[in-house]
Structure formats: structure tokens, C-alpha cells
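Let's take a walk through this chain together, from its strands and helices to its charged pairs and cores. Here is the model to keep beside you as you read.

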Amino acid sequence: MRRQSLPLVIGFAVLALIVGTRAVLVESQRANRAAARQAIEYQDALSGLLSLAQDAEIGQRGYLLTGEKSYLEPYRQAVEAIPGQLARIDSMTAPDNELTPQISHIKEALSQKQAELAETIALYDQGNATKALELVRSGQGKAAMNEIRAGMDAIRRIGAATIAARDEHTDQVEAWLRIGSLAALLAIFLLGAYTIRESRRRFREVAVAQEELMRKNIALGNEIQTREKAESQIRQMQKMEAVGQLTGGIAHDFNNMLAVIISAMNLAQRKLARGENDIAKFIEAATDAATRAANLTARLLAFSRQQPLAPQIVDTNRLVTGMSDLLRRALGETIRIETVLAGGLWKTHADPSQIENAILNLAVNARDAMGDDGKLTIETANSHLDDDYAATNAEVTAGQYVMIAVSDTGEGMSQEVMAKAFEPFFTTKPVNKGTGLGLSQVFGFVKQSGGHVKIYSEPGEGTTIKIYLPRFFGTEEAAVPPGRGERPAPVTETILVVEDDARVRAATTDAMRELGYTVIHAASGQEALQKLAENPTVALLFTDIVMPGMNGRKLAEEAVSRRPGLKVIFTTGFTKNAVVHNGVLDHDVHFLAKPFTIEQLAAKLRDVLDAST
């Protein structure tokens, strides 16, 4: 590579040398022109000095011949100008200049000439014209003038010789430069030919390398495509396996619940057909199975992050304290419960009922892991998850969180169990002791709320599950945990029920009438608006959201615009709809998810009807 680059380096060096020499030559020519100008100016100054001396001499001769004082005017002017001219010449002469002796000789001769002129004029003024003329005829002044002219001629010769020497040197440099330029042109031509040849050769090498690279890229692309197909097949297999596990779990649990419901209903029908009325246990069994089916659906929605949330500003310490009785009833007397609540705990923005459900789920799992004896600890703290932690944990945003930790003294988990703990229908409990949806429900709720959940466990050392909910930055008052007691209230209102499914509409209408309400029902939005206009006593609109034509949200907007102050409750079994966005209920929306019990319906109706507008 170095040998290949050597001609280029040499060529550029020669070119640089030529350019540099040309620059030196140009500077030399510029210096020669400057020296010639200086020599001309010097000669002009000397010529001016000689002219002044001659003017002085002419003035003296005129005065001596005529005796007229006016003839002395050139003399006086010359005498006054000579010192200035000498100073100009001195300023143009360097101390070490070879012309310095000649200038000194000229000054001396000029001084003698001036003395001779002054003496003759003085003798003439004294009336001694004869002696003045004798002094003139003596040739003393003429000799001085000759000395001045001789000195000036010597200076001219020296200047001419210097300029000639400079010109000769410049001519030599220019001659060598012409020779070097021709040689350089030849070298550049040869270098260009060599460069073209080398460029062609390298271009061929690059083309060959590009073809090889393209061939390898094609091969790599084919290999990547093959791997992507294989990975896609693996992902599809994993997806189908996960879907199979999920659908298998759903089918298993729902079939068990449906078996109970169908069997109980068939037995109740047979009893009633025989005129027997002891069917309470069958109705209770069917109701319990249906409730468990509804809970299973809710847990699946929570795991898939599709449950409708109603977030509020929550004081977690206050919420945990309010759960103490519920936890003691759920865990039993043999499990010791300890709470460690942090002082100055931050607020969080989440659904308080879902926080309670998450803590209760974790507590029940801890109870099952501990058996009849153990200790459950619920701890709260302010926590900061930094960038390093967020980088090593999926779906975690660095920031400040409210931490809720539930710890037990149970048997703990292995790494394999922890890796699958949040998967739906995964459980290590015996058959009929759990659905495998408790932790998956907690996981879905926490993620849907923008938080993070982490398991810390070792076999034989117990388990700690930490929930991190984002800190709320604000001054709003924290929400009070929802009350669990029932609140009796008088029932006098008229309710308009809108539901496109006739069976659901009939069931809802019957339930409300059972609670004592006056009920008007409609099968569509247009029919509902017509009945609303015909019945001015309607206090509440209870409408399904997903309906053909006019959906529940549009119906509610139109109804409220016609009847300001009308209260509205939305209901649906599908959460992706007009009042739930990103899993969160719209502001100031009242919602009751299907299916619901008559107790849940009664509580929701009274909450909305009794609320101040």
C-alpha cells in the first residue's frame, strides 16, 4: 500500500515545490520592482540636490555680473532647500549601505561649494568685486561641483549594477523554473496515467468486492428470512400453546360452573313440576356458580388490562387500615396480621376498589401458602425506581412510586414457579383449591394503572410481593375507601331502561321493579327518546352502551340535552366502548359492568340517585 502511494506522494511533492518556487520568484520580482522604484527615487533626490547647487551657483553668477540683488533670489531659495533635501537623502540611505561613503563625499563637496559661493557674495557686498571674481576664476567652486557630479555618477553606477544583478538572478531562477515546470508537467502526465491505471485496477477490485458482498448479503438475507420463519413458527406455537392453556382453563372452569347451573335449574324445574317447593338449595347453587363465572370473566379482563377502572386519589395507609376487618375474616384467627405503614406516604392515583382486591388476593394466596399458622405483613413505603432498574425490568418507567408489600412466612417459590406465577390458570394449589387467576388479576390491574409488580421468594423462606403504583403529584384530598355496608333509602323514582337484548332487558326491568322502582323500558335509542318525552317523571336513564344505530353514549348526550339534570348509568359486558378509554372510565361517568347482582344494582342506583347534581 505504501509503495502504491509513493508516486502520488512524489508527484504532489514536486507540484508543491514548483508552486513554492513560483511564489518565491514572484516575491523576488516584486522585490526587484521595489528596489528599482527606490533607486529611481534615490536618483531623483540626488538630481534635486544637484539642481539646487546649480541654482545657487546661477544666482551667485548673476549677482556678480549685474550687481542686482534680485539675482540672489535663486541662491537664497537653494540654500534654504538644501538641508531638507539632504535630510531626505539621509532617510533613504541605510547606515550600512554601500552608498554611504559616496553620500559623505557629496556632502563635503557641497559644503565647499556653498562656502565658496557665500565668500564671493560677501566680498562683492564689501565692494571688493575684483577679489570676488578672482576667487571665482580660481576654479575652487568648479572643482567642488565636479566632485558632486562625480559622486552622483558613482551612485548611479552602483544602483544600476545592483539592479542588473537582481535581474540576472531572477532570469536564472525563471530559467530553472521553466525547466522544472516542463519536468513537472511530464511527471504529472506520467502520474496521471499511473493514477488512472491504478484507479481502474482498484475499481475492478471494489466491483469484485461489492459483488462478493452482495452475494453474502443475499445469503445472509436468506438465512435471516429462514430464521424469521422459524421464529415466527415458534412464536405461533407458543401463542397457540398459551391460547390453548388459556382456553383450556376457561373451558374447564366455565364448563364446571355451567354444569352446576344447568343441573341446578333442571332439578328445580323437576321439583316445581311435581309441585314441590324446596328448591332454594338449587337456586343458591346456580347463583353461586353464575357469580363465580362472572368473577372469572372479571379476572380475565383484569389480566388482559381491559377492566374498566375508576381511578381516584388514594391514601394507601388509610385504605390498608380500613381493610383490617376484611382481612381478618378472610385469613382466619390463626394467621397473625401485621401492618407497617410509612409516615409521610405519598398519594397515588388508582382505582381504590381494585387496590383492595389486589391486597386481598395476595393475602389469600399467602394464607394458602402458610396453612393454619403463619404471619402476614403488609407494608407501605415511598419508593424510587431508578433508570438502571427500569432498564432491567420490562414495562417499567423510572420515577417515584407508592409501594405496597405483602409478605408471608409460607413455603416460598422456586425460580421456575416465579417465572410463571402471573400466567393465567397457572397454580400450584391442589385441584379445586384455586383458579390460577389471582396473581394474573393483580398483575393486569397494576400494569393497567401504570405500575409495576415484583416477586421476591425462595423455597422455605416465604414470599414477598411488592406492588408499585405511580406517585400522584397534587394536593387533592384522597378518596375514602368505598363502604361495604348497605344504605337503606326510600324508593320513589322512575327509571328508563334501554337494552337491545330482550332477555337482558326483561331481567333488568324485573330486578328494578323488585327493588320498588317504577320502570319504563325501550329496545333502542330512538324509542328511548320518545318514551323520555312522554314521561317527564323519569329520574334516571339506565342504558346499555353497545347497541345498533344509536349507542348508549350518544343516547345519553341527546337525553341530557333534552332533559338537563337527568342522571345516567351505563352498563355493558364489553369494556372497549364509548365511555371507557384505555381501560379508564371517562370523567363523571357512572358505570355498572354486566353481569351484576340485584344488590350491586340497588347500591349503584341509590349512589347515583342520591348524589348531588
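## A strand to start from

How many of the 8 residues of S7 are buried? The count is 6 of the 8, so S7 is largely enclosed by the rest of the structure. Buried here means under 20% relative accessible area, exposed means over 50%, and partly exposed lies in between, with a 1.4 Å probe and protein chains only. Helices (DSSP runs of H or I, at least four residues) and strands (runs of E, at least two) are numbered from the N terminus.

Please keep in mind that this is a predicted model, in which local features need pLDDT of at least 70, side-chain atom pairs count only at pLDDT 80 or more, and totals for chains, interfaces and linings use all residues. Residues are numbered from 1 along each chain as its sequence is written, and side-chain values use heavy atoms, with hydrogens and water left out.

## The chain as a whole

The chain holds 16 helices and 14 strands. Of its 613 residues, 35% are buried. Take the contacts (heavy atoms within 4.5 Å) between residues at least 6 apart in sequence: 74% of them join residues at least 24 apart.

## The neighbours of S7

Two strands count as paired if DSSP finds at least two bridges between them. Strand S5 (residues 399-408) pairs with S7 in the antiparallel sense over 8 bridges, and Ile404 stands opposite Ile467 in S7. Strand S6 (residues 452-457) is also antiparallel to S7, over 6 bridges; here Lys454 has Lys466 as its bridge partner in S7. The hairpin of S6 and S7 has 5 residues between the strands, and in this hairpin Gly460 takes a positive phi near 80 degrees.

## A parallel sheet and its helices

Further along, 5 strands form an open sheet in the order S9-S8-S10-S11-S14, with parallel pairing. At its edges are strand S9 (518-522) and strand S14 (591-593), each pairing on one side only. From one strand to the next, the twist averages 20 degrees. Strand S8 (residues 494-498) is joined to S9 by 5 bridges, and Ile495 has Val519 as its bridge partner in S9.

Helix H15 (residues 552-562) packs on this sheet, touching S8, strand S10 (538-544) and strand S11 (567-572), and its direction makes about 165 degrees with that of S10. Helix H16 (residues 598-610) packs there too, touching S8, S10, S11 and S14, at about 150 degrees to the direction of S11. Axes are lines fitted to C-alpha atoms, for helices over the stretch in contact, and angles run from 0 to 180 degrees between N-to-C directions. The buried residues of H16 are Leu601, Leu605, Arg606, Val608 and Leu609, and their cover includes S8, helix H13 (502-514), S10, S11 and S14.

## Charged pairs

A salt bridge is a side-chain nitrogen of Lys or Arg within 4 Å of a carboxyl oxygen of Asp or Glu, and the count by this rule is 17. One of them joins Arg606 to Glu493, with the closest N and O atoms 3.1 Å apart. This pair links distant parts of the chain, as Arg606 is in helix H16 and Glu493 is in the loop between strand S7 (463-470) and S8, 113 residues apart. Both Arg606 and Glu493 are buried.

Is Asp373 buried or exposed? Asp373 is exposed, with a relative accessible area of 52%, and its side chain meets that of Arg336 in a salt bridge (3.6 Å, N to O). Within helix H14 (residues 525-534), Lys531 and Glu527 lie 4 residues apart, about one turn of the helix, and their closest N and O atoms are 3.4 Å apart in another salt bridge. Lys531 is partly exposed at 22% relative accessible area, as is Glu527 at 28%.

## Nonpolar cores

A nonpolar core is a set of buried Ala, Val, Leu, Ile, Met, Phe, Trp, Tyr and Cys residues joined through side-chain atoms within 4.5 Å. The largest has 34 residues, and those with the most contacts inside it are Ile355, Ile359, Leu376 and Ile467. Its largest share, 7 residues, comes from H9. Apart from this core lies another of 27 residues, among them Ile82, Ile89, Met92 and Ile106.
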